[in-house]
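Biologist: Could we go through this structure together? I would like to begin with a helix.

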Amino acid sequence: MGRTLCMPFFVYHRYIDEFCGAYTRYAPTRIKIGTIIATHTKKMFKMNANKLPDRKYIRKNGFDYTQAQNYFITIVVQDRQHLLGSVTEGKMTLNAAGEMVADVIKEMPNRFHNSVITCSVIMPNHVHFIINNAGRHYIPEIIRWFKSITTVKYIRGVKDLGWQPFNKHFWQRNYYDHIIRDPKEYDRIVDYIQNNPSKWVDDCFHS
């Protein structure tokens, strides 16, 4: 079965207080119901309850990605191949490769101390997770580690276990990120992650 694990806002809020002194509360972003608006290099990308921007997403210009914030991350399989499992009647079932990816996500906090994955889901051709970066690690470094480890393990699976080969790269070169500013936004994104399997047919990554 699929693995969707999510931590409520007050838990990671307390976690940041413990490891970083005090949580800096930003002014709430103006968000319509079901919509996240992220500003990046003076361009606006919108995501409704079932959609993410269908384009490469470059890091936010000038932002310090070691800040103790919560980051919504999406990483997509190259060519959107369904390499991680399948969705049947709104439920995600992981294959062996999907289980491997889930194990690597679980391992992240051990590699990057005090940075916690508070919510995650693995879909047939992409993954979503929220990183609570209380350890103040560099987010792109975490993503590079994740891609590298999972790629090596997947190649081993292709050679030794007959997993489906990928086209040149396991993951797309880039990834999507969104800096979560307040509890309401966090809850909205958690809801999106938890309901991703049930709304798979309407997902922008569905193919």
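Biologist: What should the 23 residues of helix H3 span, and how far apart are its end C-alpha atoms?

Modeller: At 1.5 Å a residue, helix H3 (residues 139–161) should span 33 Å, and its end C-alpha atoms are 32 Å apart, which agrees. The expected span is 1.5 Å times one less than the number of residues. Helices (H or I, at least four residues) and strands (E, at least two) are DSSP runs, numbered from the N terminus. This is a predicted model: local features need pLDDT of at least 70, side-chain atom pairs count only at pLDDT 80 or more, and totals for chains, interfaces and linings use all residues. Residues are numbered from 1 along each chain as its sequence is written, and side-chain values use heavy atoms, leaving out hydrogens and water.

Biologist: What do the buried residues of H3 pack against?

Modeller: They pack against strand E4 (70–76), helix H2 (96–111) and strand E8 (126–132), contact meaning heavy atoms within 4.5 Å. The buried residues include Trp 145, Phe 146 and Tyr 154. Buried means under 20% relative accessible area, exposed over 50%, partly exposed in between (1.4 Å probe, protein chains only).

Biologist: Changing topic, how many disulfides does a search of the whole structure find?

Modeller: The search finds 1 disulfide, a pair of cysteine sulfur atoms within 2.5 Å. Cys 6 and Cys 119 form it, with their sulfur atoms 1.8 Å apart. Cys 6 lies in strand E1 (residues 5–6) and Cys 119 in strand E7 (residues 116–122), so the pair ties together parts 113 residues apart in sequence.

Biologist: Is Cys 119 buried or exposed?

Modeller: Cys 119 is buried, at 0% relative accessible area, whereas Cys 6 is partly exposed at 27%.
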